[in-house]
Amino acid sequence: MKAIIDSALCAAHGLCAATAPEVYDIDDDGYNVAAGTTVEIPAGQEAAARRGAAACPEAAIQVVE
Amino acid sequence: MTTTEDNAATPDSAGTIGGRNHFTDFDLDSKEFSDNFDEVVDAVHAGCPVARSEALGGYWVVSGFDEIRRIEQDWETWTSTDGYEPNRLGDDNARLFPLELDPPYQTRWRALLGDFFSPRAIRSKKAGVEANANALIDRFIEAGECDFIDAFAAHLPGRVFFSTMLGVPLDDLPYLQAAADQAVRGPFETRGEGWNKVGAYLDGYMKQRQQEEPRGDFVDAILQGVNTDDGEPAPWHHKVFVMVDMLAGGLATTSILLAGIADFLATHPEDAARIKADLSLVPNAVEECLRYYASILALGRTATKDTEIEGCPIKKGDMVMLGFAAAARDPRHYDDPHRIKIDRKIPTNMAFGYGPHRCIGSHLARLQGQVAMELLLERLPDLKLAPGTKPTYSHSTVTRDIENLHIVFTPGPRVGDGT
């Protein structure tokens, strides 16, 4: 599973990291540190990855199998 | 010193508009503000990042996009637990959760509810929203005129919420709508009573659902609940507060958006024609209406320690109202902010707030706005404001309401069977 994090959409609400801190991390300004990249989701963290993506108000995170 | 120099030299005089000084004597509810909204917003953006109000026991008002963003991200300094508006502490009114919670308890509720409000989950509601919107339009389309708020905007959000999200009988809707209206827009001293009525109904509905087979919907998710910061399962009354919040957040706010969309179409015929010819323009046009007609005027945070905003000292315990509607017109972020420009790029729509408490129902609001815009263009293509009328705005601390919107149009046929 992968999470594609759109840097144009990420607006630093910080909800991904608040919801799924084991998967998503934010910088000091609140932006996803991986914005603009595709992140490999480790086995066992799929559910958290989905929860964090669903929490994003801007729909900036797309989780793909 | 001449009058002109005096105006330039004393910031206070720049704050006087419509007979009130909005820098030193701001009042979110005041007619001087609602009647002169654009001008007051310009004045605070130009000269008053932190205004003082002596209304409702006293509060501060912050209007800048960047200042609000900083405060919303720093929930440790700016707690939500003392209430979303002044004077919420110390009474037995129903609370609104997760609005009046801080992380991490707030975060757990958001995570639980997020699945039901994600873009994907909300997309599946489109047919239901369209059916409800068409049924409402059927009731007035043969008349050729209506008050759009009484006939449509006040009803669609409630019908959608109760039918597609909650599954309660539509017969109960008028009572619930009136109670919610009282809670959000009624005279200040009766708002608590409104919340209590809403809370009592939803409490009963949730108890009923607890006895039924689970449907896998968001009512079941709330009944399941999350743990508090003490590691205990959330008590029953917290679950009711969550349900009330979901309702309170979605009704009046979306009604105002829908009224705004009708006002926009009626007063911008060239834009309306362009959108009708290319419906792919609808989502961005709705986004711009969300910004321009921003329905949440302000929500509060309380300082947990002595601090400052833009050099203005704030004492521990002081309430700061975050002026989202004004921030959505911040010229530092939105060029020519008092004009509706349907091609405007809006990376972050401050109408929905920011950070941990950003509106959870934003995608449902957008969907209702998009459906309404498409159906109005299709079924009432020549809608206009009734001659000699224009919408009236009023403020109720938290919301910026449109009170009436009399529209006229060529009568059309009904499409449904009247249900």
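I began with helix H10 of chain B, residues 156–166, and found it mostly covered, with eight of its 11 residues buried (20 or more other C-beta atoms within 10 Å of the residue's own, C-beta atoms being placed from the backbone). I noted these buried residues as Leu156(B), Pro157(B), Gly158(B), Val160(B), Phe161(B), Phe162(B), Met165(B) and Leu166(B). Just after H10(B), I saw that Gly167(B) takes a positive phi of about 75°.

This is a predicted model, in which local features need pLDDT of at least 70 and side-chain atom pairs pLDDT 80 or more, while totals for chains, interfaces and linings use all residues. Residues are numbered from 1 along each chain as its sequence is written, and chains are lettered from A in the order in which they are written. Helices are DSSP runs of H or I with at least four residues, strands runs of E with at least two, numbered from the N terminus.

I then turned to H8(B), residues 126–140, whose 15 residues reach 22 Å from first C-alpha to last, close to the 21 Å expected at 1.5 Å a residue (1.5 Å times one less than the number of residues). In H8(B) I listed Val129(B), Asn132(B), Ala133(B), Leu136(B), Ile137(B) and Phe140(B) as buried. They lie on the same side of H8(B), because they cover an arc of only 135° around the axis, taken from the directions from the helix axis to the C-beta atoms. They pack against strand E6 (145–147), helix H9 (148–153), H10 and helix H18 (362–379) of chain B.

Last, I looked up the contact between the chains, which takes 12 residues from chain A and 17 residues from chain B (C-beta atoms, placed from the backbone, within 7 Å). On the side of chain A that touches chain B, helix H1 (15–19) and helix H2 (46–55) each supply at least two residues.

Note on methods:
Two residues are in contact if their C-beta atoms, placed from the backbone, lie within 7 Å. A residue is buried if 20 or more other C-beta atoms lie within 10 Å of its own, exposed if 12 or fewer, and partly exposed in between; C-beta atoms are placed from the backbone.
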